[in-house]
Amino acid sequence: MIRQAWRERSIRGLFFLAAATSIIILLLIMLFLFGEGLPLFRAYGLWDFLAGQFWAPTAEPPRFGLLPLLLGSLWVTFGALLLAVPLGLGAAIYIAELAPAGLRELLKALVEVLAAIPSVVYGFFALVIIVPWVKASFHLPIGKTALSASLVLGVMALPTIVSLAEDALTGVPRGFREAALALGATKWQTIWRVTVPAALSGISTAVILGAGRAIGETMTVLMVSGMAPIIPHSFLQPVRPLTATIAAEVGEAVWGSPHYHALFALGIVLFLLSLGINLLAEWLTSRYRGVKV
Amino acid sequence: MRLRRLTQAAAFAFLTLAMAAVLLALGTILYYILARGAGAISWEFLTSFPRRGMTAGGIFPAIVGTFYLAVGTLIFSLPLGICAAIYLVEYAPQGRAVRLIRMAVNNLAGVPSIVFGLFGLAFFVRLLGLGVSILSGSLTLAFLVLPTIIRASEEALRAVPQEFREGALALGATRWQMIRRVVLPAGLPGVLTGAILALGRAAGETAPIIFTAAVFSARLPNSPLSPVMALPYHLFVMATESIFYEETRPIQYGTAIVLLGLVLALDLVAILVRARLRRGRRW
């Protein structure tokens, strides 16, 4: 009996270890990003990195300015949200409130297909279809622009936004809708004044995580953003997002060189961005979870 | 009264249009890739090696490489993910440690894939000295898909009715006996769904394997420490960096179809398994 109790406890311990691995992995990732990224600041000023307006890692002397890359990332993400938020929320409301019951599961499955397409396939599609289209429509010398990247990132953010927002809307108690309808509200008034506000925390989470999806996406922006490290001021010019810069330059950076460390420093920025986005989403969810409206 | 109706009609029209636009985006992508790439697919394309500096021939080594990477990923992540889910569901449904673990899982799911690539390079490739290899790539991808597996397994275990557990415990089973003999067998199909989804994800990811596993040209791997060709990386390089990127478009479309077909087929299987689970089970 005692042996059995001991066995039970050690099994429990093993499972706990497995569960704790996620924490360990997260810590390891931080450890290695900081370990390889911080040495940059032995030779290069932190402020020159954070506020630097030029990214020229192979120039003499090299310049490792974060701003053009960070703003490039934010710029394409902003553009993606302009497309994905109205369409995604519209589709989510359609699925949750308007779609006939028989169609609902099919629509959700189709949206999931959008999430399953590999990012390199999106990138390829954008390269052969969207880029030439943008070039021709706006009479540009090259079609690889922030707009091309935003268009495809917008589509990639759709499934996150649609499924999470749809979940939030479906989670609103039936009684809310029935009460509004009984008071004489039209179906649309019920949706707009009752259902959507009640699901607002879930809907905001959906948008935030959609933004996270877009900002962390690598392959598509690498293939179609044009990769020019300039501070963006228009959607019709090329940009060089953080993710794409890392993917494009790690291969050529000499191990242990300032350039190599600078790319890990970009990784730190990206990691902190994603961490911030996730914590914000989690805070929003937990804040409203217990609230009975 | 009229105004209310009009507003409603306009709003519903917008919602319907938004839904249609989402479906149109999906349809356009699938249509272009399938219509333009179908001609490139042949038995020879799937089973032969590239020829004349990648400008002709097939993509067999890339298919093999992707297969090895995906299976390797599952070998590392599946046992770990299932055990983590068992702890979260069966041992400690709440508490501070569990809240922390959940937070870590959620954050891990949000870390950009290129960051996993950087980490894999610094840790597996350099520090552990595994080099650019199947092993480094699989381990990196395993970390990436771990949240997917944990979440799917958790959902599957939660779906097992509480009475099963109570019944087993009432018969005098220990907690571990109950898990092994009752909960796991009942939850297995759901766990399988997570595994299949993870397989698809691992096969389609590019950014984490660029520095850890993939090379543009290689023979078939002969050990876990060999670098490999992989479908997504092959498509990326062919479409952007190769000199003959215009001439080799048919090969690129073909590679895209194979990759897309593989990933979507895995997803379809997962969706069907799950649909059957949710509908057909009469506990």
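Start at a helix pair in chain B. Helix 3 of chain B and helix 6 of chain B make a right-handed crossing. This is a predicted model.

**Stop 1: the helix crossing**

Select residues 60-91 of chain B for helix 3, then residues 134-158 of chain B for helix 6. Look along the two axes. They come within 6 Å and cross at roughly 35°. Two packed helices are described by the angle between their axes and the distance between the axes. Now show the residues of this helix 3–helix 6 contact in chain B. Color them by class: 20 are nonpolar, 7 polar and 3 charged.

**Stop 2: chain B as a whole**

Zoom out to chain B. It has 11 helices and 2 strands. Draw a box along the principal axes. The C-alpha atoms of chain B fill roughly 70 × 70 × 35 Å.

How much of chain B is buried? Of its 283 residues, 48% are. Next, consider contacts in chain B between residues at least 6 apart in sequence. Of these, 75% join residues at least 24 apart.

**Stop 3: the two domains of chain B**

Select residues 2-40 of chain B. That is domain 1 in the domain assignment, and residues 44-280 of chain B make domain 2. Their C-alpha centres lie 31 Å apart. Where the domains touch, 6 residues of domain 1 of chain B are in contact with 8 residues of domain 2 of chain B. The domain 1 side of that contact in chain B holds 3 nonpolar, 2 polar and 1 charged residues.

**Stop 4: the two domains of chain A**

Switch to chain A. Its domain assignment gives domain 1 at residues 2-37 and domain 2 at residues 47-289. In chain A, the centres of domain 1 and domain 2 are 32 Å apart. Domain 1 of chain A puts 5 residues into the contact, and domain 2 of chain A puts in 6. Of the residues on the domain 1 side in chain A, 3 are nonpolar, 1 is polar and 1 is charged.

**Stop 5: Ala43(A)**

Pick Ala43(A). This residue lies in helix 2 of chain A. Is Ala43(A) buried or exposed? Ala43(A) counts as exposed, because it has 11 C-beta neighbours inside 10 Å, and a residue is exposed at 12 or fewer. Val131(A) is 88 residues from Ala43(A) along the chain, and their C-alpha atoms are separated by 40 Å.

**Stop 6: confidence in chain A**

Color chain A by pLDDT. The mean for chain A is 93, and 98% of its residues reach 70 or more. Which element of chain A has the lowest mean pLDDT? Helix 2 of chain A, residues 40-43, with 90. The highest, 97, belongs to helix 4 of chain A, residues 67-98.

**Stop 7: where the chains meet**

Finish with both chains shown. Select the contact between them: 66 residues come from chain A and 68 residues from chain B. Which part of chain A gives the largest share of its side? Helix 1 of chain A, residues 2-37, supplies 19 residues. Color the chain A side of this contact by class. There, 47 residues are nonpolar, 14 polar and 5 charged.

Conventions:
Residues are numbered from 1 along each chain as its sequence is written. Chains are lettered from A and ligands numbered from 1 in the order in which they are written. This is a predicted model: local features need pLDDT of at least 70, side-chain atom pairs count only at pLDDT 80 or more; totals for chains, interfaces and linings use all residues. Two residues are in contact if their C-beta atoms, placed from the backbone, lie within 7 Å. Helices (H or I, at least four residues) and strands (E, at least two) are DSSP runs, numbered from the N terminus. Ala, Val, Leu, Ile, Met, Phe, Trp, Tyr, Cys and Pro count as nonpolar, Asp, Glu, Lys and Arg as charged, and the others, Gly among them, as polar. Domain bounds come from an automatic or database domain assignment. pLDDT is the predictor's confidence in each residue, from 0 to 100. Axes are lines fitted to C-alpha atoms, for helices over the stretch in contact, and angles run from 0 to 180 degrees between N-to-C directions. A crossing is left-handed if the near helix is turned anticlockwise from the far one by less than a right angle, and right-handed if clockwise. A residue is buried if 20 or more other C-beta atoms lie within 10 Å of its own, exposed if 12 or fewer, and partly exposed in between; C-beta atoms are placed from the backbone.
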